[in-house]
Amino acid sequence: MKIFAESHKTVFVVDHCPYMAESCRQHVEFDMLVKNRTQGIIPLAPISKSLWTCSVESSMEYCRIMYDIFPFKKLVNFIVSDSGAHVLNSWTQEDQNLQELMAALAAVGPPNPHADPECCSILHGLVTAVEALCKITEYQHEARTMLMENAERVGNRGRIICITNAKSDSHVRMLEECVQETIHEHNKLAANSDHLMQIQKCELVLIHTYPVGEDSLVSDRPKKELSSVLTSEVHSVRAGRHLATKLNVLVQQHFDLASTTITNIPMKEEQHANTSANYDVELLHHKEAHVDFIKSACLAETKRCQKERGSNKTGDNHIGGNSREGTFKETVTLKWCTPRTNSVELHYCTGAYRISPVDVNSRPSSCLTNFLLNGRSVLLEQPRKSGSKVISHMLSSHGGEIFLHVLSSSRSILEDPPSISEGCGGRVTDYRITDFGEFMRENRLTPFLEPRGSLEIPLERAKDQLEKHTRYWPMIISQTTIFNMQAVVPLASVIVKEALTDEDILNCQKTIYNLVDMERKNDPLPISTVGTRGKGPKRDEQYRIMWNELETLVRAHINNSDKHQRVLECLLACRSKPPEEEERKKRGRKREEKEDKSEKSGKDYEPDKPWQESERLKGVLDREKEELAEAEIIKDSPDSPEPPNKKPLVTMDEMPPVEKAKGPMSLLSLWSNRINTANSRKHQEFIGRLNSVNNKAELYQHLKEDNGMETTENGKGSRQ
Amino acid sequence: MPTVVVMDVSLSMTRPVSVEGSEEYQRKHLAIHGLTMLFEHMATNYKLEFTALVVFSSLWELMVPFTRDYNTLQEALSNMDDYDKTCLEAALLGVCNIVQQEWGAAIPCQVVLVTDGCLGIGRGSLRHSLATHNQRSENNRFPLPFPFPSKLYVMCMANLEELQSSDSLDCLERLIDLNNGEGQIFTIDGPLCLKNVQSMFGKLIDLAYTPFHAVLKCGHLTSDVQVFPRPEPFIIDEEIDPTPKAINTDLEIVGFIDIADISSPPVLSRHLVLPIALNKEGDELGPGITDDTEDENSANQIAGKIPNFCVLLHGSLKVEGMVAIVQLGPEWYGMLYSQADSKKKSNLMMSLFEPGPEPLPWLGKMAQLGPISDAKENPYGEDDNKSPFPLQPKNKRSYAQNVTVWIKPSGLQTDVQKILRNARKLPEKTQTFYKELNRLRKAALAFGFLDLLKGVADMLERECTLLPDTAHPDAAFQLTHAAQQLKVASTGTSEYTAYDHNITPLQTDFSGSSAERM
């Protein structure tokens with residue numbers, strides 16, 4: 001539907017002249033005697049509404065239905081006309097509700113029957129109505145601003161519904177001519193104005209209303225084009241409920257509405273709470289909700305014209321048999337299906353349309369709407385004489401609004417698809433389903449009120465967060481160690497954050513210390529042995545893999561903030577061994593590299609490299625590389641060098657002889673060497689003494705390092 | 001989008017085509033050649049498409065009902081007989097019925113009409129149908145536009161010059177126009193020969209049967225996917241924004257929502273999201289799109305063993321009962337979820353919402369959805385026991401706000417009786433009594449129905465006289481007070497008719513009143 005069709009702007013012009021105070025001559029009994037009351041009381045005389053009351057309540061009902069079904073973009077401007085025009089509201093969205101209109105109408109009050117009829121006229125209202133149609137609505141304004149140079153695409157059409165008591169057909173013609181002239185004039189004005197828009201199309205709906213029992217002085221006339229801009233139709237309607245019925249028909253026409261009657265609604269009887277009777281409730285909604293019925297009605301008709309091929313092949317064409325009788329009536333009847341309790345189901349829904357009950361205050365209506373407003377959904381079934389039941393619609397409320405959902409009941413073109421387990425990645429069985437579920441819950445969305453402090457669009461923030469949370473996210477269990485460890489959770493859950501608090505850092509540090517502790521205690525790690533033969537990597541190798549992975553995770557976030565950087569520093573300082581061993585290892589390694597370039601030492605470094613490179617080069621982790629790197633770790637692990645912490649003294653044991661076997665040695669030196677070696681097996685050597693030059697150790701070495709070299713090679717400084 | 005191939009088997013299709021070489025071809029053979037090519041393409045690259053084959057002359061026949069078995073379709077091509085004259089209208093009517101019978105009126109279909117451009121003579125010819133188009137009644141409607149969303153592709157076994165020499169081209173163009181412009185006419189470029197027929201069908205394939213490949217992204221987690229059926233471009237508003245919008249080939253997940261919160265939203269269309277493995281040349285090896293040759297089987301097996309984000313996502317969505325919100329383009333969103341076809345088989349499915357900033361009122365504006373970590377406190381609660389959805393609209397609907405409607409007398413009577421019922425239970429029901437009284441007063445003032453106020457005032461005064469001896473003295477006071485207040489309102493004098501004014505209970509002092517009731 002076009003946004004700026006005639007239905008975008010509706011102007012009500014209701015006559016407020018003295019004769020509208022006349023009674024509609026339809027009596028309402030309001031003093032209904034309740035049973036069990038003392039006999040002999042004469043009920044109060046019935047009262048009757050005035051023409052004005054009938055007009056106002058019918059137009060309010062028109063607005064009620066319209067606002068229920070189109071709370072936005074369908075606007076009403078309400079004008080009453082007597083000696084002048086009184087505009088009761090504006091086109092702004094805030095003014096578009098029943099309460100506002102009711103309050104404004106109360107302020108106007110009923111027409112004064114004693115006012116001078118000579119100075120009162122509906123013409124004032126009609127002129128003002130045309131003026132109102134030229135006024136731009138906020139939606140039109142928005143669309144024009146957005147389209148810039150194409151602003152002329154924004155249409156300005158509208159409808160004037162005028163309820164009056166006309167004197168004759170010629171009086172009606174006079175009113176039409178007046179509207180036409182006024183449009184002509186105002187369009188000229190609007191052409192030279194930025195604030196006004198020319199009226200492209202105007203539908204005038206003149207409703208002549210008169211007391212019941214009188215003869216109408218005005219004849220009905222269907223819609224007629226008076227000019228290229230103006231069409232007009234005349235309805236001559238008796239007041240009272242006839243007028244209300246007319247406006248109900250009109251609101252359906254004007255807003256393309258259709259009616260659905262829900263039948264078989266079980267409802268507790270007021271008097272007998274344990275029995276229930278079945279009730280019907282009629283709802284109005286946009287007619288799109290019946291699109292299947294309308295079209296199948298066409299089908300039923302076209303079917304008759306269908307021709308069939310020769311008798312031997314008729315089988316193909318006998319298709320009328322199981323099709324439903326598709327005659328489209330005034331209302332479509334659908335059967336209530338008592339809802340099941342599990343409401344968490346995603347139906348295939350092709351449309352959802354707001355509803356409005358025809359008889360909003362009746363008990364069946366309010367029972368149904370309250371039931372729905374309390375959060376229950378009701379499936380609706382097409383009544384059929386035979387065959388399987390077809391659920392075609394669903395009633396459901398969302399935040400206090402009830403929608404009629406259209407459910408697809410035809411065959412799916414997606415039936416029998418290949419299962420996801422047959423496709424790419426379908427054979428993999430150890431996806432981190434639960435972890436990703438947790439991830440999804442953390443990345444759920446929530447609405448933010450529009451004027452939000454920060455300038456960033458909330459949805460962009462959501463994307464940002466997803467980016468951060470997935471920088472390092474292995475998809476399968478056998479690809480990761482750290483995410484299989486409960487001990488890592490405190491760090492992993494906060495490191496992805498945009499900013500860390502001091503407490504977060506503390507938690508990260510605690511996590512790292514805890515891991516160091518685990519390593520010292522030689523706790524087993526949940527390393528996958530999938531794809532490796534035998535028992536998998538040794539314990540120390542496992543820790544190396546774990547530390548590498550943890551480093552990868554932390555490195556993926558170091559650019560978030562300085563505090564993230566601090567976590568990395570802590571990690572680098574803590575990972576692996578007490579520093580003296582590091583040092584020694586390093587020294588030993590250097591020598592080894594120099595001397596024989598053994599594969600072993602090379603490999604010690606290698607696995608680290610792909611990680612870091614991918615970090616530095618791309619800033620983000622390339623998934624494939626990651627996989628590669630990980631595969632590598634697992635594969636080459638059995639050949640990796642002996643980690644120092646397992647038999648630290650053995651390494652020490654082997655080194656000194658190499659170092660000292662250079663020159664001739666005295667017996668003393670031989671002896672003391674031996675003693676030293678033996679002793680050193682019993683305790684760890686002090687760092688100071690180990691690194692000492694001529695038995696003098698330099699104190700506070702790290703101060704220099706901190707100041708001098710920001711990033712020590714692989715962070716293996718002496719700081720802990 | 002299911003396809004109906006509508007093949008002309010009238011005699012004119014047997015006209016010979018002069019081709020150099022020994023064999024003699026008819027136009028029919030060219031058509032079969034083209035269709036064979038189309039079916040082969042679909043069998044390889046568009047396997048999930050349902051296709052039906054209809055042949056027609058003066059009558060029509062459904063040769064092959066909707067199927068994914070392209071062998072059957074191929075076989076049917078070689079079993080076609082030649083019949084009499086062309087009668088297109090009947091065939092199109094047949095297509096209408098077949099499609100609606102199978103798929104209903106909502107599923108878009110592609111109709112591939114294969115003809116030689118001889119559109120029949122006399123009654124039932126297209127010329128005749130078009131000439132009488134304006135004189136038809138509702139029950140004898142021309143089958144176009146199709147009652148379902150459709151594309152009509154006309155494959156002419158003739159070249160442009162030939163069609164232009166008669167008025168065939170005009171007629172066919174009118175046909176497309178009648179289908180609201182949805183469709184296209186293809187003609188053979190140059191002489192009629194197998195090669196040119198191939199290139200014509202090649203164009204159709206490019207236009208309508210190329211698989212839609214995209215990259216599904218969730219931050220750094222990505223997967224190459226095929227989206228089936230192809231998402232079609234969508235026109236938001238013909239007047240304001242007439243250009244069709246197509247979806248991005250980057251499908252970016254922006255966040256997740258519980259199924260209960262998204263709550264069966266209306267969607268434009270549904271699509272399977274099938275992970276594919278792209279090899280270096282850019283060809284895909286994936287499900288449902290490759291031949292079952294051994295080579296590809298082994299390639300499939302390898303692909304099956306490489307972890308894929310789609311499978312992970314699908315698994316978690318299924319377990320958690322959630323959907324992923326995915327951005328399809330500027331102000332266009334959709335959702336990904338797990339769809340079970342049967343107990344064993346389930347799949348990752350994508351539904352497209354209507355384009356626009358706010359496709360679902362109960363979620364609000366999509367751009368205003370943000371991560372829960374930005375909220376002051378978790379809107380889902382610490383124990384995951386609440387939800388920020390659905391959003392409440394600013395104004396309540398009439399059925400949720402106790403509006404007053406007196407169009408039917410019963411509406412008015414109910415409201416009056418409510419007052420009366422409460423009046424008889426004064427002073428216990430003082431609050432409800434005045435609440436109902438004020439509701440009636442407001443409505444009567446708005447509707448200018450002052451007689452009602454007078455009437456109800458009279459009624460309350462009468463009630464006052466009917467009070468039993470056992471009644472609390474306050475009851476009489478309140479009734480009199482209420483009646484008097486209604487009376488002044490019914491005078492219409494402005495100071496008593498303020499809409500916002502409420503009649504308040506009379507302040508009485510019967511100390512410890514209700515307790516001492518006799």
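Asn264(A) counts as partly exposed, at 32% relative accessibility. Partly exposed lies between buried, under 20% relative accessible area, and exposed, over 50%, using a 1.4 Å probe and protein chains only. Asn264(A) has a positive phi of about 65°, although it is not a glycine. Asn264(A) sits in strand E10 (residues 257-268) of chain A. Helices (H or I, at least four residues) and strands (E, at least two) are DSSP runs, numbered from the N terminus.

The model is predicted: local features need pLDDT of at least 70, side-chain atom pairs count only at pLDDT 80 or more, and totals for chains, interfaces and linings use all residues. Residues are numbered from 1 along each chain as its sequence is written, chains are lettered from A and ligands numbered from 1 in the order in which they are written, and side-chain values use heavy atoms, with hydrogens and water left out.

Chain A first. Its secondary structure comes to 22 helices and 17 strands. Of its 720 residues, 48% are buried. Among contacts (heavy atoms within 4.5 Å) in chain A between residues at least 6 apart in sequence, 72% join residues at least 24 apart.

Arg432(A) lies in the loop between strand E16 (401-407) and helix H9 (433-442) of chain A. Arg432(A) is buried, with a relative accessible area of 4%. Leaving aside neighbours within four places in sequence, its contacts include Trp473(A), Phe483(A), Leu312(B) and Ser316(B).

Now chain B. It is divided into domain 1 (2-209), domain 2 (212-235 + 247-280 + 295-374) and domain 3 (409-497). These bounds come from an automatic or database domain assignment. The centres of domain 1 and domain 2 of chain B, taken over C-alpha atoms, are 35 Å apart. Nine residues of domain 1 of chain B contact six residues of domain 2 of chain B.

A nonpolar core is a set of buried Ala, Val, Leu, Ile, Met, Phe, Trp, Tyr and Cys residues joined through side-chain atoms within 4.5 Å. The largest has 110 residues, and those with the most contacts inside it include Met7(B), Leu175(B) and Leu204(B). Helix H3 (residues 88-103) of chain B gives the most to this core, with nine residues. Domain 1 and domain 2 of chain B both give residues to this core, so it lies between them. A second, separate core has 99 residues, including Val80(A) and Leu450(B).

Helix H6 (residues 168-178) of chain B has several buried residues, among them Cys171(B), Leu172(B) and Leu175(B). The buried residues of H6(B) pack against elements of chain B that include H3, helix H4 (126-131) and strand E8 (183-188). Asn180(B) follows H6(B), and its phi is positive, near 55°.

Helix H11 (residues 409-423) and helix H13 (residues 450-466) of chain B pack at about 30°, with axes 11 Å apart. Axes are lines fitted to C-alpha atoms, for helices over the stretch in contact, and angles run from 0 to 180 degrees between N-to-C directions. H11(B) and H13(B) are therefore roughly parallel, a label for angles under 35 degrees. The contact includes Leu412(B) and Val416(B) of H11(B), and Leu452(B) and Val456(B) of H13(B).

Backbone exceptions close the tour. Most residues other than glycine have a negative phi, and most peptide bonds are trans. The peptide bond from Phe228(B) to Pro229(B) is cis, with omega near -10°. The bond from Phe389(B) to Pro390(B) is cis too, with omega near -5°.

Definitions and conventions: Parallel < 35°, antiparallel > 145°, perpendicular 65-115°, else oblique.
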